[in-house]
Amino acid sequence: MRANNLTLLTDYYELTMMQGYFKNPTDQSVIFDVFYRNNPCGGAYAINCGLEQVIEYIENLTFSSDDIEYLRSLHTFDEDFLEYLSDFHFSGDIYAIPEGTVVFPHEPLLKVIAPVIEAQLLETAILNIINHQSLIATKASRVVHAARGDGIMEFGLRRAQGPDAGIFGARAAIIAGCIGTSNVLTGQMFDVPVLGTHAHSWIMSFPDEYTAFKTYAKLYPDACILLVDTYDTLKSGVPNAIRVFEEMREEGIPLTRYGIRLDSGDLAYLSKEAYKMLAAAGFDDAVISASSDLDEYLIDSLKAQDAKINSWGVGTNLITCNDNPAFGGVYKLAAIKDKDSNEFIPKIKLSENTEKVTNPGNKTIYRIYNKSTGKIKADLICLADETFDESETMVIFDPIDTWKKTRVLGGTYIMRELLTPIFLNGKKVYHSPSVMELQAYCRQEMDTLWEESKRLINPHEVYVDLSQKLYDLKTRLLDEMGSENLYDDQEFF
Ligand SMILES: Nc1ncnc2c1ncn2[C@@H]1O[C@H](COP(=O)(O)OP(=O)(O)OP(=O)(O)O)[C@@H](O)[C@H]1O
Ligand SMILES: O=P(O)(O)OC[C@H]1O[C@H](OP(=O)(O)OP(=O)(O)O)[C@H](O)[C@@H]1O
Ligand SMILES: O=C(O)c1cccnc1
């Protein structure tokens with residue numbers, strides 16, 4: 001399982017490049033941006049997640065003597081470089097969007113400003129952490145949204161891709177709105193609710209289903225959710241559960257959190273029939289929980305079928321994000337500081353694919369909200385030193401189809417800068433909220449999205465525009481590079 005010190009959790013090439021920078025000394029500062037290009041699962045947004053673990057990683061970033069010994073054994077690194085590494089610590093600045101924030105493609109989720117030799121090392125671990133947790137938080141947010149206010153219990157640990165995916169996946173799922181997790185270690189590490197029912201094996205280990213239910217109910221009268229599908233849901237499971245609940249009622253045991261779990265069969269039909277039986281016996285407030293390879297689409301469909309389910313256990317498809325296995329976040333160089341002028345010179349990466357051309361320069365992001373509804377109108381990626389006046393009318397435009405323009409009238413909008421300082425000169429200047437605080441924040445964030453953008457299929461995309469200044473800079477750099485290419489003696493076929 002994950003060690004505290006993740007310094008060697010990096011790609012080999014980061015270290016070979018670092019040695020290259022060390023041998024060709026440059027104390028040049030650079031800017032790297034972390035961003036992603038496509039929203040997971042065909043959605044219109046993502047939930048940014050993993051910053052607390054990035055902070056821990058950077059705070060613990062030191063090469064131990066064992067690390068140095070191991071690197072020496074690779075016969076790639078010289079002694080002077082190894083000596084440099086043994087004293088290594090991060091001395092730069094990091095700005096990031098807080099965890100639990102709704103984010104969109106191409107926005108810098110995190111920005112590193114540091115000497116190139118330091119900034120290069122961080123790439124792999126930062127992406128590893130942010131890509132995983134943002135992916136699972138986004139998937140969980142979709143599942144939570146589909147459940148329309150019912151609680152989602154995260155049950156994925158046994159199917160997660162290893163311990164870390166289980167632990168930090170559950171953390172991300174709770175931030176995105178799951179009410180609890182079956183993962184006890186996540187509960188301990190992050191002080192979040194642990195929840196659960198019982199397995200089929202519990203029923204099977206007793207001579208009969210009634211005795212199994214009765215024994216469980218005696219032990220856990222205030223958290224008594226009985227799994228009713230081991231033998232026959234409607235003929236045996238539900239009647240036996242009702243018998244136990246009736247006995248509890250007769251014995252004067254308060255029925256606080258009690259009910260059933262369905263784990264197979266037609267969940268719409270079974271839940272409706274089970275509800276009728278429970279209600280007829282006076283248990284219409286029983287929890288009817290369902291699990292069985294669920295995801296956001298199945299939950300949405302079961303809601304549309306008027307299934308009488310009010311609690312959901314979701315495991316495999318959530319914790320693995322089965323329909324979209326990678327978040328696709330990247331770490332791209334955006335600027336290099338010029339030694340003479342001490343100014344950042346913007347850099348751009350070209351691509352045949354317009355979407356993949358990077359945004360150059362030292363940037364920040366402003367979120368523009370409609371003042372009366374509080375909903376997001378658009379995000380504006382701009383240069384870090386740009387200022388805006390909310391009383392002025394602003395024209396924003398699509399950076400690809402530039403003729404698509406929107407006029408935002410002065411006084412009708414509010415702007416909020418999303419990037420927050422996390423490290424300045426290597427010192428942490430940010431305090432991570434607790435996971436439950438992040439959950440509350442994420443809920444508020446989801447309220448700023450229009451319903452149309454939360455739809456599971458073909459959601460309305462939120463506009464992410466470039467400021468005029470950034471757009472002009474990008475166009476100028478592209479023009480300059482284009483004219484350089486003009487003089488290449490290329491052969492065309
Ligand atoms: N009414 C429904 N509408 C849409 N999907 C449903 C409905 N009821 C169940 N499902 C889903 O259909 C799938 C059922 O798959 P399958 O029949 O293989 O398993 P099962 O019924 O859980 O039985 P078992 O546990 O014995 O494999 C599950 O993903 C379940 O969530
Ligand atoms: O279906 P998921 O979304 O992945 O949710 C988790 C599943 O894990 C359990 O099944 P499992 O067969 O592992 O154990 P059990 O014998 O207790 O049912 C549980 O009953 C759920 O079906
Ligand atoms: O508590 C449960 O019901 C549970 C936990 C993990 C996986 N499936 C179900």
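I began with what lies over helix H9. The cover of its buried residues includes helix H8 (200-204), strand E8 (224-227) and helix H10 (233-250). I take contact to mean C-beta atoms, placed from the backbone, within 7 Å. Helices (H or I, at least four residues) and strands (E, at least two) are DSSP runs, numbered from the N terminus.

This is a predicted model, where local features need pLDDT of at least 70 and side-chain atom pairs count only at pLDDT 80 or more, while totals for chains, interfaces and linings use all residues. Residues are numbered from 1 along each chain as its sequence is written, and chains are lettered from A and ligands numbered from 1 in the order in which they are written.

**H9**

Which residues of H9 are buried? I found Glu209, Ala212, Phe213, Tyr216 and Ala217, within a helix that runs over residues 209-219. They sit on the same side of H9, because their arc around the axis is only 130 degrees. That arc is taken from the directions from the helix axis to the C-beta atoms. An α-helix has 3.6 residues a turn, so residues three or four places apart point the same way. Buried means 20 or more other C-beta atoms within 10 Å of the residue's own, with C-beta atoms placed from the backbone.

**Whole chain**

I looked up the totals next. The protein chain has 493 residues, and 41% of them count as buried. I noted 16 helices and 21 strands. The C-alpha trace spans about 85 × 60 × 50 Å along its principal axes. Of the contacts between residues at least 6 apart in sequence, 71% join residues at least 24 apart.

**Domains**

The assignment gives domain 1 (12-137 + 325-483) and domain 2 (138-317). Such bounds come from an automatic or database domain assignment. The C-alpha centres of the two domains are 39 Å apart. Domain 1 brings 25 residues to the contact and domain 2 brings 23. Which element gives the largest share of the domain 1 side? H14 does, with seven residues. By class, this side of domain 1 has 14 nonpolar, eight polar and three charged residues. Ala, Val, Leu, Ile, Met, Phe, Trp, Tyr, Cys and Pro count as nonpolar, Asp, Glu, Lys and Arg as charged, and the others, Gly among them, as polar.

**Ligand 2**

I counted 15 residues around ligand 2. Phe155, Ala199, His200, Gly315 and Thr316 come nearest. A residue is near if its C-beta atom, placed from the backbone, lies within 6 Å. Strand E11 (311-314) and helix H13 (316-319) each give two or more residues to this shell. The shell has four nonpolar, seven polar and four charged residues.

Conventions:
Two residues are in contact if their C-beta atoms, placed from the backbone, lie within 7 Å. A residue is buried if 20 or more other C-beta atoms lie within 10 Å of its own, exposed if 12 or fewer, and partly exposed in between; C-beta atoms are placed from the backbone.
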